Amino acid sequence: MTQDEELTKLALAMAFKLYSSQDFPAYLPKLNSLYEDLFAGGKGFRSKLVGLIADPLVMEQSTQVLLNQTIEFIHNASLLHDDLVDRSQLRRGKKAAWLKYTPEYAVLAGDYLLARVMVNLSGFGNIKLVQYTSQVISDLLEGEWLQDSIVGDYFVTLEQLDRIHNLKTASLFKWCLRAPFIAHERYDESLHKLLEELGTILGQLFQRGDDLLDYDIRNDEGKAILGDLKSGYLNSFGTFLTKDMERSQIDRLIKSKNLNDLYLIFATDLEVGKKLFLQKVSEFDALNEKIIQLYEHHLTMLQSLLPEKEKAIIDNLKPLTEILYWRRKPK
């Protein structure tokens with residue numbers, strides 16, 4: 001790889017941090033400081049996902065940078081609003097923006113990011129991309145409303161949560177897969193239907209994998225244990241646990257202060273209770289393994305719709321279920 005190619009690759013990987021003077025004017029120093037804090041430490045996974053599609057399409061670098069910025073701006077705007085609504089005190093190991101800069105600044109900063117998305121995309125001149133991105137932002141906000149409405153509801157169903165996660169989490173994954181084709185002016189309906197399905201599954205798997213971290217399953221990230229539950233939110237795995245529980249057991253689950261409290265719901269002996277709990281994890285994994293098989297089936301169908309020079313997209317997308325659900329690091 002030449003030096004120019006290495007620099008280009010680095011620029012694309014970090015594109016969501018390449019702010020223009022129009023996006024973040026120097027006369028708004030607090031705004032710039034807030035965004036530096038917000039983006040620092042982010043993995044930029046969604047912009048990398050865009051690259052998995054855009055690279056085989058041989059896209060103009062400026063277009064890919066625009067797409068990378070767009071998805072990172074939308075994602076981080078949602079984090080600003082999420083942290084304020086949830087009163088989360090930390091984001092990426094640092095004090096959340098609403099605490100450091102005031103709630104008002106956090107709201108304004110999130111709104112500003114979304115506004116810049118629309119300004120930048122409008123300048124690109126692809127009306128279909130603007131329309132689709134607007135719909136995704138609308139879906140994201142609808143998902144936020146629905147999620148907030150179930151806080152404290154310990155009888156929510158997995159189907160209800162799937163609907164919320166499809167709007168809130170999967171909408172961004174779907175955008176990452178579809179937006180490069182739209183920017184490339186590829187509008188084949190069969191292609192986009194498949195990409196939509198793939199994005200839906202990836203979002204669902206990511207969310208369910210993330211929900212397991214809350215119960216310290218494959219929690220290499222060191223996420224706070226039972227954080228969702230203590231916030232009054234029964235996530236997808238918590239919902240899976242409660243579907244066969246009696247009311248008295250659900251009451252004990254809600255009041256669990258640590259994992260040992262949780263294990264003792266399943267048996268009076270701690271070790272037996274832990275084994276029964278881990279059996280539930282295996283059942284949840286088996287449920288999601290079926291979704292992974294559907295994802296692989298869709299990839300096979302997608303392969304038939306792509307010309308030979310773009311089939312690298314399939315190889316790029318194959319490992320994602322391992323990364324997003326099983327939380328295994330890419331080789």
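**Notebook: confidence, core and helix contacts**

I began with confidence: the chain averages a pLDDT (the predictor's confidence in each residue, from 0 to 100) of 90, and 92% of the residues score at least 70. The model is predicted, so I kept to its limits: local features need pLDDT of at least 70 and side-chain atom pairs count only at 80 or more, while totals for chains, interfaces and linings use all residues. Residues are numbered from 1 along each chain as its sequence is written, and side-chain values use heavy atoms, without hydrogens and water.

I next looked up L317. L317 is among the residues that touch the most other members of the largest nonpolar core, which holds 88 residues; such a core is a set of buried Ala, Val, Leu, Ile, Met, Phe, Trp, Tyr and Cys residues joined through side-chain atoms within 4.5 Å. Leaving aside neighbours within four places in sequence, L317 contacts L49, I53, L177, Y295, L299 and L302.

I then turned to Y263, in helix 14 (residues 259–266); helices are DSSP runs of H or I, at least four residues, numbered from the N terminus. Y263 has 8% relative accessibility and therefore counts as buried (under 20% relative accessible area, with a 1.4 Å probe and protein chains only). Not counting residues up to four places away in sequence, Y263 touches L270, G273, K274 and F277. From Y263 to N120 I recorded 51 Å, C-alpha to C-alpha, across 143 residues in sequence.

How values were computed: Buried means under 20% relative accessible area, exposed over 50%, partly exposed in between (1.4 Å probe, protein chains only). Contact means heavy atoms within 4.5 Å. Helices (H or I, at least four residues) and strands (E, at least two) are DSSP runs, numbered from the N terminus.
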